[in-house]
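Here's a quick briefing for anyone meeting this structure for the first time. Have a look at it, then read on.

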Amino acid sequence: MDEQSLAASVDTDRVPWGRRFAAGIADGILSAILMMGFMMAYSSATGAGVTMPLKALGALVYGVEALVAGSMAMLAGAGIQLGFSIVLGILFALCMSRRTSIVAALFAGIAVGIVVWVTMELVVLPYMDPTMAARIALMPMAYFVAHLLYGIGLGMTPIFVRGFSGKRRDERRVEHPAEALPT
Amino acid sequence: MGKQKILKVSRHLFVAALVGAALTGCSTSREQPPANTNTAAAQPAPQPTTQEAKAKPAVRVPSPEASSKKTNAAILAQIHQADLKEIAVGKMAEEKASTDEVRAYADQLVKDHTNADQMVLAMAQKTGTHLRSASTVPSKTDRKLSSASGAQFDRIFLEQTSADHKKLMSELQQEREDASDDDIEALIDKIMPILQQHYDLAQILMKKEQA
């Protein structure tokens, strides 16, 4: 492969920043839904109430009153979860190219999930949100699994990056004739 | 004839002994719980009845394991009774509270104490402790709550839950320090922050009601 074709190939792997940004947002939303959905389902199954994870997160803003503050506290909780998840999703997507393998991204995503879990356990819960800490103490394993799920969600980023790369199939076929479908 | 007399007397004695043994068995089975079960009463160490004391003249010193088991049973019973009380009061407040916040608080009380009670019941089952069900006799405060309505109900409800939680927390704190069982310590560690939240919420809501 000569220098010119190599440069062209690298160029096609690059995804514009804006599209990676959009992919990160979409993946962040997916990861947040995966994590929060699991926590809400678990919380409901154990009798703590389906909205408890949202209220517990909302306690970062409202303190212990989040438990009785109703929909505002739950909205705050959902906002925190989505916001944090989207920011991490964007950072993750910015590190991806179209060629990043899903397996590598999954491992990296799970590692990030575990780092987030450790940070939450050691810093955020005890010092910033004791209300949530008390609730998480009743479901520690589920909380860990939720972070693994979050990591798996992050690991899906390459799929979104490819999806948002903006290369339509027919354009790709022109650039890479080898990818053309057999007639 | 002498031999026959002896046989007759011994037969009478045997029958009398059998009847005596049967009667003793019946009376103790009514008073004692089933075998291998610790009956957890509200009092930590129930005193033996006069009949039991007479039946066992030799004073037995309980082994440290046995006394610790009794204490654990009493702690479980105490938490269980507190849970049942808060669930009952919370359910009443869900229907009678006049504000959304107090209703939400009552709902939270019911959920949390139901969960806590499930943990207590699981531990009681594990340790073979028999827990009594809730008392059917309403207390003075229960009667007060039943007759109150509106803002007055909210005030009495919040005052009662606040006082109940404060009392329970101080008792559990003491028992946590005295406890020798890791499971009991872990249970108290899990429950205490939730009780503290209930207490804090009751205080906050009372201040709001006063304002």
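How close do the axes of helix α3 (residues 52-62) of chain A and helix α4 (residues 71-94) of chain A come, and at what angle do they cross? They come within 7 Å and cross at roughly 90 degrees. Before going on, note that this is a predicted model, where local features need pLDDT of at least 70, side-chain atom pairs count only at pLDDT 80 or more, and totals for chains, interfaces and linings use all residues. Residues are numbered from 1 along each chain as its sequence is written, while chains are lettered from A and ligands numbered from 1 in the order in which they are written.

**Helix pairs**

- Axes here are lines fitted to C-alpha atoms, for helices over the stretch in contact, with angles running from 0 to 180 degrees between N-to-C directions.
- Helices (H or I, at least four residues) and strands (E, at least two) are DSSP runs, numbered from the N terminus.
- On the α3(A) side, the contact includes A:L54, A:L57 and A:V61, and on the α4(A) side it includes A:M74, A:G77 and A:I80; two residues are in contact if their C-beta atoms, placed from the backbone, lie within 7 Å.
- Sorted by class, that contact has 11 nonpolar, three polar and one charged residues (Ala, Val, Leu, Ile, Met, Phe, Trp, Tyr, Cys and Pro count as nonpolar, Asp, Glu, Lys and Arg as charged, and the others, Gly among them, as polar).
- Over in chain B, the axes of helix α4 (residues 100-127) and helix α7 (residues 182-210) come within 11 Å and cross at roughly 170 degrees.
- That makes α4(B) roughly antiparallel to α7(B).
- Among the residues making this contact are B:Y105 and B:M119 of α4(B), plus B:I191 and B:L205 of α7(B).
- The contact of α4(B) with α7(B) has 11 nonpolar, one polar and three charged residues.

**Cores**

- The largest nonpolar core has 55 residues, and A:M35, B:Y105 and B:F157 have the most contacts inside it.
- A nonpolar core is a set of buried Ala, Val, Leu, Ile, Met, Phe, Trp, Tyr and Cys residues joined through C-beta atoms within 7 Å.
- Buried means 20 or more other C-beta atoms within 10 Å of a residue's own, exposed means 12 or fewer, and partly exposed is in between, with C-beta atoms placed from the backbone.
- Helix α2 (residues 17-45) of chain A gives this core its largest share, eight residues.
- Leaving aside neighbours within four places in sequence, A:M35 touches A:A146, A:L149, A:Y150 and A:G153.
- Another core, of 20 residues, lies apart from it, with A:A134 and B:I191 among them.

**A kinked helix in chain A**

- Helix α5 (residues 102-128) of chain A has a kink of about 45 degrees, centred on A:M120; the bend at a residue is the angle between axes fitted to the seven residues ending there and the seven starting there.
- Its buried residues are A:A105, A:G109, A:G113 and A:L125, and they pack against α6 (130-136), α7 (140-155) and α8 (157-163) of chain A.

**Chain B at a glance**

- Chain B has seven helices and two strands, running α-β-α-α-α-β-α-α-α from the N terminus on.
- Of its 211 residues, 27% count as buried.
- B:T141 sits in helix α5 (residues 140-147) of chain B and counts as partly exposed, because it has 16 C-beta neighbours inside 10 Å.

Terms used
Angles under 35 degrees count as roughly parallel, over 145 as roughly antiparallel, 65 to 115 as roughly perpendicular and the rest as oblique.
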